[in-house]
Amino acid sequence: MTKYLVLLAGSEGEWENADPADRERWHRAHVTFGREVGAAILGGEALDGTDTATTLRRRGGSVELTDGPYAETAEYLGGFYLLEAADLDQVVKWCALLPEIYSIEIRPCIQIEGMTD
Amino acid sequence: MEPIEVVWRDEWGRLLALLVAQTRRLDLAEDALADAFERAARSWPDAGMPDNPPAWLMTAAKRRVLDRLRAEAVAAKKQPLLAVEEVKRLEGLGRDTPLVPRGTRPAGSDDLLRLVLLAAHPALSQEAGAALTLRLVLGVSTADIARLFLVPEPTMAARLTRARKKVVAAGVPLAIPDDEVLPQRLETVARVAYLAFTAGYAPGSGEGVLRAELSGEAIRLVHLVRATGRAAADNSALQALLALMLLQHARRDARVGADGSLVLLPEQDRSTWHRDEIDEGMALLGELVGTRGVTLESALAAEYVLQALIAAEHARATSAADTDWLTIADYYRQLEDLTGSPVVRLNRAVAVAEAGDLTGALGLLDGLEEALPHSHRLPAVRAELLARAGRHTEAVAAFDLAIERCANARERQQLAARRNRVAT
C-alpha cells in the first residue's frame with residue numbers, strides 16, 4: 001500500500017461565491033467520496049483562503065515571514081486528502097467522485113526510514 | 001533474421017509481461033530479460049537452440065532477478081527477511097508455474113495487455129508513453145526509439161528512465177481496469193501508437209527509409225494488442241487506427257526516390273504500394289463503416305475512420321488523376337467538424353482545390369494565419385492556389401513567405417523553383 005497526498009486546487013473564492021445549489025452539490029460529492037473511500041482516508045482538511053497564509057523562509061540564520069502563499073499561481077490549494085491505496089488507478093477512480101471544480105494533483109508519499117507513524 | 005532475433009521479436013513483450021507479473025519489479029525484470037537474451041546470443045550459436053526458447057529465456061531471466069534480489073538483501077541489511085521471503089516466493093514460482101507454453105496466443109495475453117496498459121498509461125505524457133511502450137512491449141532498442149523520435153540516444157535513455165521511475169513511484173498498476181474504464185485506456189494506447197507511427201514519417205535528415213520501417217513497429221504493437229482478447233479486438237479506435245496505419249504505411253516504398261528524396265503522392269509509383277496491406281486496411285475499415293457508419297460512439301475512432309477513409313480513396317485511385325477529390329473533400333469537412341483543427345482545414349482546402357473549386361479553396365484559407373502563424377505550408381498552399389488562379393504577383397509573395405518560414409532545405413529548394421516558374 002502506498003500513501004497518496006491528493007491536493008485539491010481551484011480558483012480562490014469559487015466555493016464561497018458559488019450559488020447555494022452548487023455548493024450543496026459539491027458538498028455532497030465530498031460526502032460520497034468520504035463514504036466510498038472510507039477508512040482509506042488517513043486525513044484531509046479544507047484550507048482557509050490564501051489571504052490567511054503566512055510563508056516562512058529561513059535566510060542566513062534568521063526567520064523571515066511574508067504575508068501570502070509561497071507561490072502566486074492561477075490555482076490555489078484549497079484542501080487535501082491523505083489516502084492509502086494499492087495503486088494510482090485506485091486513487092484516480094476515487095478522485096473522480098470529487099467536485100469537478102478542482103484540478104487534482106496526486107502525489108505518492110515516500111517512506112522515510114526511521115520515521116514511524 | 002537470426003533465430004534469436006525472431007524470438008526477441010515474437011516473445012519479448014510476453015516474457016517481460018510474465019516476468020513483471022511474477023517479480024513485481026519492472027526495473028529488475030527489464031534488465032534481467034535483456035541479460036537473458038544476451039546470454040542466449042552467446043550460447044545458442046554453439047550449444048544450439050533449446051527445445052523451448054521462451055522457457056529457456058524465462059528461466060535465465062528469473063535466475064538473474066533472484067541474483068539481484070539476493071544482492072539487494074545483502075546491501076539493505078535492514079530488511080533481510082523481506083527480501084529472503086521474496087526470493088523464496090520466486091524460487092517457488094520457478095518450480096510450480098508451468099513455463100510459457102510456446103506459440104499459444106491466449107496464455108499470457110492478459111499479462112501482455114497489462115504491460116501495454118502500464119506503459120501507455122495516461123499518467124505519462126504521450127511521448128514518454130510511446131517510447132516506454134515500444135521499449136517494454138516490443139523490445140525496441142533505445143537507439144532505435146531515439147532515431148524514431150529524432151532525439152540523441154542519451155536524451156531518449158533519460159526520457160525512458162524518467163518514465164520508468166514515474167510508473168514505479170506513482171504506483172501505476174500492472175492491471176486491467178474495470179469495463180467502464182478499459183475502452184478509454186485502450187484509446188490512450190491508440191493515441192500512443194499513432195504518435196509512434198507518425199514520428200517515423202516526420203521529416204528528418206537522411207535516414208528517412210529506416211525511420212519509416214520503425215513506424216511499422218506501431219502497426220505491430222496494435223496487432224499485438226488486438227490479439228490479447230475481445231476488449232481490445234472490439235475497440236473501434238484501435239481497429240480504425242490499424243486500418244489507417246496500414247493504408248498509409250503501404251505507400252512507404254513509393255515515398256522515397258532513388259536519390260533518397262521524398263516523393264509526394266501524385267508522383268508516386270503506385271505499383272510499389274503494398275496491396276496486401278491495403279486490402280487488410282480496407283477490410284478493417286469496411287467492417288467499421290459498414291456496420292456503424294462514420295458516426296461512431298467514440299470521437300477518436302471517428303477521427304481515425306475519416307482519416308482512413310481519405311487514405312482509402314487514395315489507395316483506390318489507379319492514378320493521381322483518377323482520385324475522387326470531391327469525396328475526399330467531404331471527408332475532410334467531416335473531420336474538420338469533428339476536430340476543429342486548422343491543419344485539417346488546410347488539407348480540406350487542398351482537396352477542394354483539387355476537386356476544381358479554387359475560389360472555395362482560397363476562402364477556406366481565410367483566417368487560418370492566426371491559427372498557424374509559423375506554418376510554411378499555409379503560405380505554400382495559398383501560393384499554389386493563387387498561381388493556379390492566375391494571380392501571379394500575390395502567388396510570388398506567398399511563395400516568398402513560405403520559403404522564409406520553411407526549415408527544411410530540400411523543401412525550400414522545391415518552393416524556390418516553383419516560385420521562379422510562377423514569376424516568369
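**View 1. Where H20(B) meets H21(B).** In this predicted model, His392(B), Ala395(B), Val396(B), Phe399(B), Asp400(B), Ala402(B) and Ile403(B) on the H20(B) side touch Arg412(B), Leu415(B), Ala416(B), Arg418(B), Arg419(B), Val422(B) and Ala423(B) on the H21(B) side; contact means heavy atoms within 4.5 Å. Sorted by type, the residues here are nine nonpolar, one polar and four charged. For that sorting, Ala, Val, Leu, Ile, Met, Phe, Trp, Tyr, Cys and Pro are nonpolar, Asp, Glu, Lys and Arg are charged, and the others, Gly among them, are polar. Helices are DSSP runs (H or I, at least four residues), numbered from the N terminus.

**View 2. How H20(B) and H21(B) cross.** The axes of H20 (residues 392-405) and H21 (residues 409-423), both of chain B, come within 9 Å and cross at roughly 165 degrees. Axes are lines fitted to C-alpha atoms over the stretch in contact, and angles run from 0 to 180 degrees between N-to-C directions. That makes the two helices, H20(B) and H21(B), roughly antiparallel (angles over 145 degrees). Their crossing is left-handed: the near helix is turned anticlockwise from the far one by less than a right angle.

**View 3. H15(B) against H16(B).** Here H15 (residues 325-339) and H16 (residues 342-354) of chain B cross at roughly 160 degrees, with axes that come within 8 Å. H15(B) and H16(B) are therefore roughly antiparallel too, and their crossing is left-handed. Among the residues making the contact are Trp325(B) and Tyr332(B) of H15(B), plus Val344(B) and Arg348(B) of H16(B). The tally for this contact is eight nonpolar, two polar and five charged.

**View 4. Inside the largest nonpolar core.** This core has 154 residues, and Phe149(B), Val225(B), Leu241(B) and Leu365(B) have the most contacts inside it. Helix H14 (residues 299-316) of chain B supplies the largest share, eleven residues. A nonpolar core is a set of buried Ala, Val, Leu, Ile, Met, Phe, Trp, Tyr and Cys residues joined through side-chain atoms within 4.5 Å. Leaving aside neighbours within four places in sequence, Leu241(B) is in contact with Ala190(B), Ala193(B), Tyr194(B), Val222(B) and Tyr304(B).

**View 5. Ser236(B) in helix H12 of chain B.** Helix H12 covers residues 236-249. Ser236(B) is buried, with a relative accessible area of 5% (buried is under 20%, with a 1.4 Å probe and protein chains only).

**Notes.** Residues are numbered from 1 along each chain as its sequence is written, and chains are lettered from A in the order in which they are written. Local features need pLDDT of at least 70 and side-chain atom pairs count only at pLDDT 80 or more, while totals for chains, interfaces and linings use all residues; side-chain values use heavy atoms, leaving out hydrogens and water.

Key
Angles under 35 degrees count as roughly parallel, over 145 as roughly antiparallel, 65 to 115 as roughly perpendicular and the rest as oblique. Buried means under 20% relative accessible area, exposed over 50%, partly exposed in between (1.4 Å probe, protein chains only).
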